[in-house]
Amino acid sequence: SPSGIPAGAPVLVGTPADVVDLGYNATASIGIKPPLAPIGLRLDGMFNSFEGKGGSGTTRIVAGTVNGTLSGVGMPIPMGYLIGGLGMYNSKFDGTLTSSSSTDLGFNIGAGINFPLTGFSTFLEARFHYVDGEGGSLKFIPITFGLRF
């Protein structure tokens with residue numbers, strides 16, 4: 001998984017999804033994968049933001065994750081890959097009358113597909129993130145499109 005810059009739309013899952021709208025995601029990735037090896041390592045820094053329905057506040061999630069990738073061998077889609085790992089997630093809610101913040105350990109798992117081009121490639125990826133925090137669990141799925149170089 002070479003380095004990349006994806007962006008997209010994260011979707012909260014569960015009860016929090018009832019009070020926020022679709023958000024946005026920006027990520028920076030640094031990856032290491034030998035050319036013929038099916039296994040790679042990728043570090044991601046992510047920023048996700050969601051606006052509350054009816055102007056009730058803003059939720060943002062900043063995370064740093066360490067992920068393993070598996071591509072090539074045995075994949076049903078030739079340019080597909082699997083990704084998963086652990087990370088630290090800082091979630092913050094800023095509302096009209098209240099504010100809260102929490103930093104917790106979480107994990108992610110997902111899949112993507114690469115679209116090779118001349119000199120660089122693009123990719124589409126979706127990952128499920130789960131964070132078990134002080135105020136309950138937080139689950140979200142960023143669907144991102146990006147450039148790899």
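Surface patches are made here of residues with over 30% relative accessible area and no salt bridge, nonpolar side chains being joined within 5 Å. In this predicted model, one such nonpolar patch is formed by Ile 5, Leu 117, Phe 120, Leu 147 and Phe 149, which together have about 510 Å² of accessible area. Leu 147, one of these patch residues, belongs to strand S8, which covers residues 136–148. Because its relative accessibility is 42%, Leu 147 counts as partly exposed.

The strands are arranged as a barrel, in which 8 of them close in the order S1-S2-S3-S4-S5-S6-S7-S8 with antiparallel pairing. From one strand to the next, the twist averages 25 degrees.

Asn 114 counts as buried because its relative accessibility of 18% falls under the 20% cut-off. The side chain of Asn 114 is joined to that of Arg 148 by a polar contact of 3.0 Å.

The two residues with a stated accessibility are set out below.

| Residue | Relative accessibility | Class |
|---|---|---|
| Leu 147 | 42% | partly exposed |
| Asn 114 | 18% | buried |

Note on methods
Residues numbered from 1 in each chain as written. Predicted model: local features only at pLDDT ≥ 70, side-chain atom pairs only at ≥ 80, totals over all residues. Heavy atoms only, no water. Patch = residues over 30% accessible without salt bridge, like charges linked within 9 Å, V, L, I, M, F, W, Y side chains within 5 Å. Areas by Shrake-Rupley, 256 points an atom, 1.4 Å probe, with all protein chains shown as cover. Salt bridge = Lys/Arg side-chain N within 4 Å of Asp/Glu carboxyl O. Helix = DSSP H or I, 4+ residues; strand = E, 2+ residues; numbered from the N terminus. Buried < 20%, exposed > 50% of the residue type's maximum accessible area, 1.4 Å probe, protein only. Pairing = 2+ DSSP bridges. Axes fitted to C-alpha atoms, helices over the stretch in contact; angles between N-to-C directions. Polar contact = N/O pair within 3.5 Å; in protein donor to acceptor, adjacent residues only side chain to side chain.
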